[in-house]
There are 2 protein chains.
Amino acid sequence: MVDGVDLLMSLTVNGARLNDSLLELAGIGATPGGGVTRLAVSDEDRAGRDLLRSWMEQAGLTVLVDDFGNMTGLRRGTTDEPPVLLGSHCDSVVNGGKFDGALGVLGALEVVRTLNDHGIVTRRPVAIVNWTNEEGVRFEPAMQCSGAVTGRFSRSEVYGRTDRRGLRFEDELRGIGYLGEEANRPLPASAYLELHIEQGPVLEAAGYPVGIVGGIVGITWIEVTIEGQPDHAGPSPMGLRHDALAAAAQIVSGVERLALDLDEVAVATVGRLSVEPNVINTIPGRVTFSVDFRHPDRDVLEAQVVRLESLVADVATARGVRATVERFWTSEPTPFDRNVIGAVEHAVAELGLPSYTLWSGAGHDAKYLADVCPSGMIFVRSQGGLSHCEAEHSTPEDIEAGANVLLLSTLALAGVEIQ
Amino acid sequence: MVDGVDLLMSLTVNGARLNDSLLELAGIGATPGGGVTRLAVSDEDRAGRDLLRSWMEQAGLTVLVDDFGNMTGLRRGTTDEPPVLLGSHCDSVVNGGKFDGALGVLGALEVVRTLNDHGIVTRRPVAIVNWTNEEGVRFEPAMQCSGAVTGRFSRSEVYGRTDRRGLRFEDELRGIGYLGEEANRPLPASAYLELHIEQGPVLEAAGYPVGIVGGIVGITWIEVTIEGQPDHAGPSPMGLRHDALAAAAQIVSGVERLALDLDEVAVATVGRLSVEPNVINTIPGRVTFSVDFRHPDRDVLEAQVVRLESLVADVATARGVRATVERFWTSEPTPFDRNVIGAVEHAVAELGLPSYTLWSGAGHDAKYLADVCPSGMIFVRSQGGLSHCEAEHSTPEDIEAGANVLLLSTLALAGVEIQ
């Protein structure tokens with residue numbers, strides 16, 4: 001670890017202040033059911049940004065808005081090294097939760113406020129960032145503007161995206177007053193660290209307030225099509241049928257088993273399935289369904305696809321149906337940086353919290369940041385594992401614990417000038 | 001059997017004439033793909049009826065049209081007993097086949113023509129009937145006008161039915177000139193016999209041209225609803241999921257097994273299934289699907305429903321999902337009359353055809369006729385088991401064989417005056 005940092009390991013954030021700020025931001029776009037609708041580049045997004053800008057300025061940060069609307073608040077260090085970047089996003093889905101995204105931005109703000117409270121000077125600058133359009137609801141895809149500054153998407157591609165009403169991203173971003181300068185992008189960074197709600201039930205089931213994130217799993221999406229023989233449900237004896245849905249049901253069960261039989265982290269989901277002709281008294285002639293495989297290990301992910309192909313072929317042969325397996329999208333696994341994970345582990349230990357590592361099953365801005373700098377994430381327990389809904393919740397205590405992990409990790413990564 | 005009939009058992013129909021008539025009728029509403037669209041109470045139906053009326057009159061029959069448009073052609077016998085009624089329907093589905101329904105009406109006409117050719121006088125009258133709207137495509141439900149004259153549906157109920165454009169059945173029937181008199185209904189009858197294509201693959205698989213129909217199976221329709229926990233496909237470990245589709249898949253496989261494990265005639269079909277939210281990366285939260293059970297034995301059908309309820313409850317408990325099973329429609333099994341079946345069996349034997357009995361998995365006008373008089377059916381082999389499609393086909397030889405069975409059965413049921 002960095003010199004002198006251990007002396008500061010008893011420092012803690014102001015949990016009440018953080019939770020107050022989270023609730024104040026959640027008032028912008030608040031829904032009757034206790035959630036938030038604050039779509040990227042909307043009037044609510046503008047209002048949230050304006051509030052964040054005022055808080056950044058009150059904390060003495062230099063506020064920079066880049067050509068994708070990403071907002072950075074920079075706190076100088078004693079060196080010109082690239083900053084330790086902390087952040088997440090303030091946009092939400094429709095009827096989303098109060099903390100998804102906002103926790104990472106306001107947790108970072110609380111880290112800065114705490115450094116200010118104690119007059120702590122870091123060697124590297126500390127910067128906080130609010131990435132534009134992480135959710136990808138109004139303008140696809142998700143993680144759009146972290147992807148843009150890390151080279152995943154071109155500027156023309158992002159600018160030209162339209163919402164359902166045909167409005168262009170660039171025009172709408174300019175319209176809310178947050179189309180800034182390329183020079184204001186928050187990169188390069190010496191490290192990136194993102195605090196986020198887990199959005200899953202693992203920490204709750206394990207009984208831990210925070211989790212150390214090992215990386216973001218790889219995902220592959222597959223479309224399976226089964227073509228059997230549509231027929232009247234009455235006059236066709238069971239032994240002469242080629243029922244596409246009976247075949248699909250066998251494969252859906254097999255897909256679940258592929259994950260259950262593998263290890264504790266593998267997941268496999270059939271989320272979408274449609275039947276033709278979908279008539280009560282007709283044997284289904286055609287069924288299409290999706291398979292979503294996720295795993296931290298690329299080789300294991302590949303092996304799952306091979307197992308699926310074999311399963312589908314066996315079922316098709318046994319039942320006399322035709323089947324195709326089309327793999328149409330893959331996101332490779334993203335293991336986080338060893339040193340960043342080490343800083344988080346050390347912080348967790350210093351705080352006397354249980355050390356528990358899990359992988360993120362969903363994408364986050366940190367996935368793209370990992371392309372360009374050492375990156376990591378900290379998860380905070382989600383009640384009931386719920387997210388993207390109004391009932392999403394994390395307790396003030398868990399939020400405070402997560403922010404303390406972020407604070408101590410930041411001190412380790414930025415280095416402190418002992419005065 | 002009836003006196004003197006054995007002497008006539010070498011009588012046969014004119015197969016070429018029958019097949020010619022079938023093809024001539026199939027020219028009305030002919031589709032480019034070789035099928036027929038002749039919806040009930042349409043202009044094509046009117047044209048088909050006009051042709052049938054002319055053929056009936058040429059055969060010396062008294063043509064009667066009743067208050068539901070059912071057309072009867074009556075051939076007198078030597079007694080005033082109720083007639084032996086032979087028939088089926090001339091309406092079709094959209095892009096249906098040439099022989100579904102038409103075979104039973106024109107097969108009956110060919111029986112009358114053959115009796116005329118040989119100057120045969122029967123004791124009981126022989127009547128042929130063309131039931132209105134068996135298919136129930138334009139006006140629901142199916143078997144509408146055989147149901148009306150047998151007391152299943154009231155006249156006001158049938159008359160008030162509307163098609164998709166809001167046109168009333170009664171008005172449309174009057175419009176094509178086939179709204180007749182209640183006094184012209186074809187009932188009572190001493191027996192009812194219907195020749196029909198099988199619409200299934202059983203006779204083809206067995207290698208038999210015709211089948212003796214034991215009855216019409218009972219059918220029960222059930223809606224199963226599974227409510228699990230919708231969640232992100234990524235962050236939810238397999239062990240913590242309550243996946244409604246995984247539960248449904250297990251039940252769909254179990255439903256198939258319920259029929260396979262029972263006997264050779266039980267069938268079970270999940271024809272309709274829908275998933276919510278039906279999104280590739282969301283664990284399904286709700287799945288609804290239909291179950292269609294069919295069996296000749298009412299008690300066995302009831303037992304299948306109980307087994308399904310037990311299966312659903314077991315899966316729901318094991319997976320922590322909520323499930324409901326709603327049985328919403330049942331059509332009781334209809335065993336045909338022993339004497340009518342005996343007449344058909346005797347005819348099959350006299351013709352040297354293989355004797356093979358099967359149950360109808362689908363509904364036919366004979367189901368409702370069985371409520372009011374001794375009834376039976378004869379099936380003709382369907383190529384590929386196909387029906388309700390342009391590719392529906394039965395060979396001229398099989399059609400002739402079926403008509404000969406109808407002829408000899410009719411002689412047995414009507415009785416012949418040996419002169």
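Tutor: The expected span of a helix is 1.5 Å times one less than its number of residues. Helices are DSSP runs of H or I with at least four residues, strands are runs of E with at least two, and both are numbered from the N terminus. This is a predicted model, in which local features need pLDDT of at least 70, side-chain atom pairs count only at pLDDT 80 or more, and totals for chains, interfaces and linings use all residues. Residues are numbered from 1 along each chain as its sequence is written, while chains are lettered from A and ligands numbered from 1 in the order in which they are written.

Take helix α3 of chain B, residues 102-117, as the length check. Its 16 residues should span 22 Å, and its end C-alpha atoms are 22 Å apart, so the two values agree. Of those 16 residues, 14 are buried (20 or more other C-beta atoms within 10 Å of the residue's own, with C-beta atoms placed from the backbone). After α3(B) comes Gly119(B), with a positive phi near 60 degrees.

Now the meeting of the chains. Two residues are in contact if their C-beta atoms, placed from the backbone, lie within 7 Å. By that rule, 48 residues of chain B touch 48 residues of chain A. Several elements of chain B give two or more residues to this side, among them α7 (202-206), α8 (244-260), β10 (273-276) and β12 (286-295). The largest share comes from α8(B), with 9 residues. The chain B side divides into 25 nonpolar, 16 polar and 7 charged residues. Here Ala, Val, Leu, Ile, Met, Phe, Trp, Tyr, Cys and Pro count as nonpolar, Asp, Glu, Lys and Arg as charged, and the others, Gly among them, as polar.

How are the copies related? Chain B superposes on chain A by a rotation of 179 degrees with 0.1 Å of shift along the axis, at an RMSD of 0.1 Å. That is the relation of a two-fold axis. Within chain B, the residue closest to the rotation axis is Ala249(B), at 2.3 Å by its C-alpha. The copies meet through the same surface, because 100% of the interface residues of chain B are also interface residues in chain A.

Conventions. Buried ≥ 20, exposed ≤ 12 C-beta atoms within 10 Å, placed from the backbone. Least-squares fit on C-alpha atoms with pLDDT ≥ 70 in both.
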